[in-house]
Amino acid sequence: MSNKQLTRRAALQNMALGVSAWSTSSWLPNLAKAAAKTGSKPKSVILIWLNGGPATIDLWDLKPGNNNGGPFQEIETQVPGMKISEHLPSLAKQASDFSIIRSMSTREGDHSRARFVTMTGYTPQGAIKFPALGSLVANEFNIENDIPSYVHIGGRPAVGGGGFLGPQFAPFVVGDRSRRGGADSSDLKVADLAPGSEEQQIERLQLQAKLKSLSTMPASLVTDTLDSSRDRALRLMNPKAASVFDLEQEESAVREAYGTGSFGQGCLMARRLVERGVSFVEVSLNGWDTHSDNFARVKELSQQLDRGCASLLSDLRQRGLLKDTLIVCQGEFGRTPRINGQSGRDHWPASWAMMLAGAGIRGGQVIGRTSKDGTKIESKPTRTADLMATVFRGVGLDPRKQNMSNVGRPIRLADPDGNAIEELL
Amino acid sequence: MVHQNIQTRLKLRLLPVWLCLFIVASAANTCHAADISPLTISRLIDQSLEIDAADHSQFASDAEFLRRVTLDLAGRIPTIVEVHDYLSNTSESRRFEAIDRLMQSGVHYRNMATFWRRAWVPQADTPEFDSVTEDFERWLVHRLQKGTRYDELVVEILTLDHANNAPASTTPIGFYNANLSRPENLAASATRAFLGINLDCAQCHDHPFSRWTREQFWQTAAFFADPQTDENSESQPPKVRVPDTKMELEPALLTNAKINWPQKLNSVSLRLILVDWMKANEEQLLAKNAVNRLWAHYFGEAIIEPVDDLSRDEVQTGARARLLNDLSAAFIASGYDLNLMTEGIVSSNAYRLSSSNTDKSSEADSDAPGPFRITRATVRGLAGEQLFDSLQTAANLPSERRDVEGRSDRSQRSEFASRFYIENSFSAERSISQSLTLMNGSFVNELTTKQGNLMLASILSSPFMNFDEQIDTVFIAVLGRHAQKTELKAVKHSFESHADTTRESRLGNLFWVLVNSTEFNTNH
């Protein structure tokens, strides 16, 4: 524990020194230099998060002809025999780039617990502050960048903070509505990113650096956090770094292709972030908790998903980024195969499906199988730990690698019970 | 006059204190309310932590102490006048005077109402249950102001006839609303909020490391169900079904203590059984939970962390457990007197330790056996409400500028506070977005002009103040202390290098720099 803290503190101090170096001289040019340092292309992960628990029986594993099947039809994809929902036609054309796991089987049926387990790979245990997958990946790659290495787009991240890895690996949230309502989240602007006037900003930052150097505040967990957050905010304010969030820089045809809603635009922003070396991006698509009126709602959501996700896949491929970017598409659980009295489906962790694409993943495959009515796993049951191990292996990380946790006990990237799905790698 | 009173009071307290301490150590429950004073509590804390009262080098400076105790008791930084008064007061009892003054102030009760509401109904900090906050805290302010006993607050919450609650009455109905009035939610919340035990995990299945079983969870939940009526129209204890099983369970207490069913069983008398047991329970979890959480408010970290897992075997022995036992026994003996506990804690020498002591032992593993020591104050993050009220205080503005358009509009204060919500003060996090808002947001930037900042406006229109004094006043307003010589020099030097900037902008820039400093953003 103390070792980990010491290295963290040292790292923070180094960073603080670097920042005060530029903030005492001219603000803009020095920052541009820092941004230019990131040259080589590291691996990234984009998590497309279907918040609320998607009815995957209506997306990736249809049951036509069965009572549980509902009204949706299956369609053929580019890969013979691999069929998906009729409402995912653009994805169907790129099926050789992605694979589907139809045998996800988990235990948690409560939203917040299931989100925690899905995002961290662990069930809550006492005081251990498990970090989210995004924090773990960002920490492993540890890319020097003015842009935060873990960005969450749309809504609130399921697991905030950086867990025991500390706040520098916490998700940076774009397009969040304030906790109590407020601005519309479809506007993916980052609030308060630009200072009022550049001249005034320089004057303020100079004074700030001087007074900071005279400060006698003792070092502590909280002061480290504040210093780090302020320094990272300043680096992000560098117009060059901040421009990554400016979707106006994209051609209108590209923006149109992704879909004009916040999810489509979020996928486009994810591509821009990955291009600039961000390690982990989450794009959230809300509204999947379809206890009633499941089919109309899933149809509408599928169309958004299809457009945004298919554009992301093809855009990444065309730019040569798909081989370095792993895409994970899932929610916290699936939904009951049985259709309830309100044409809805309820929470169902026992058998559901998800999609994986890109870096390190062999596409065009279907892993596992459910029974005819969708209620049972018939082959290759896959747990969260197995999926986690697969994702880490996919981006070249060893799932058994350990980090020291806040309780002084080492914790592996993925629960050691998990086995990566070798067919996908 | 006031000083004398306090000193006499202190002397008077000395006699019973030693007697009582002895009693607390041997058989706590025999200590009578009349024997317990705030000084009993302070002594207990300082003895237990072995604080050497003679070593003044370890204590916070006057300015640091005033800022800390004002933030903790009133939820805001001290005003310029309060700082000047305190720094010019040379009386031996100035600390106790300040504590007295702050505890008498109305904002103290508002501050503590937010604190207890957050401890008991944390859901109200999420958008879903946000609407319960205001009414619940209004009820709590009212009760705290009256000096209601802590145990009576809990009784009132848990025995509320929530089904027949009159609309717009001042009651703790929010506790039921935030738990959707569901027995399982109410059981989990009540045991967590009032006993510091974590039953949630037992809701779905038995856990190998947990002391509580699934059966016990649902037996507790049954207290929050409605009694059933049998064929003779007699009320019977309710039965709740454990989901996905055939098991149906009646109310039972966690200790398996025998229940004397009341003659007239209704939902209120049913819950009264539970709350009576909470009060009588020999583990004293009701008092321990309160003291442990209150301690965390003033010291950052609770005596036992996490605060909602007091029943773990590992925390039943050792120095921390002993201190919590003794303080809880004294709390019970005082008649669950929150004001007395609070005064005792903030009057202790432990509370006035400086945050910059460099004693390495404080970094030792807190779970390690051996004595429980605190050698320096923990640097704590500010809660959103504290940050907002402190910004307003620094600018000499009232803390609430409520929008006038109607009740559904959130006040600026609660909107700001929720943006800067922190989970706990000792490991408070600050996101990049929050830092951006504090630097570039319109709220803070309005405070850097004389139109939006009464403090700046008044020093800019004070011809008798020279520039040094104006700079120093900004330091006092924001940081609660004078500018050091080196700081004054640095500020003036920086101002001189931008010759074209107006004095208003210069002081506005200084205000901006100081409110964005780590010093302002922490309680240290």
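Author: The model is predicted, and local features need pLDDT of at least 70, side-chain atom pairs count only at pLDDT 80 or more, and totals for chains, interfaces and linings use all residues. Residues are numbered from 1 along each chain as its sequence is written, while chains are lettered from A and ligands numbered from 1 in the order in which they are written.

Neighbours within four places in sequence aside, B:L514 is in contact (C-beta atoms within 7 Å) with B:V474, B:F475, B:V478, B:L479 and B:F520.

In chain A, helix α12 (residues 384-394) has eleven of its eleven residues buried, so it is largely enclosed by the rest of the structure. Helices (H or I, at least four residues) and strands (E, at least two) are DSSP runs numbered from the N terminus. Among the buried residues of α12(A) are A:D386, A:F392 and A:R393. Their cover includes β1 (44-50), α4 (111-120), α5 (133-141) and β8 (325-330) of chain A. Just after this helix, A:G396 takes a positive phi of about 80°.

Two of those covering strands, β1(A) and β8(A), pair in the parallel sense over six bridges, pairing requiring at least two DSSP bridges. A:S44 stands opposite A:T325 in β8(A). Both strands belong to an open sheet of eight strands with mixed pairing, in the order β6-β5-β7-β1-β8-β11-β4-β12 of chain A. β6 and β12 (366-367) of chain A stand at the edges, each with a single partner strand, so one side of each is left without a neighbour in the sheet. Helix α11 of chain A (residues 294-318) packs on the sheet, touching β1, β7 (280-285), β8 and β11 (352-358) of chain A. The direction of α11(A) makes about 155° with that of β7(A); axes are lines fitted to C-alpha atoms, for helices over the stretch in contact, and angles run from 0 to 180 degrees between N-to-C directions.

Technical notes
Two residues are in contact if their C-beta atoms, placed from the backbone, lie within 7 Å. A residue is buried if 20 or more other C-beta atoms lie within 10 Å of its own, exposed if 12 or fewer, and partly exposed in between; C-beta atoms are placed from the backbone.
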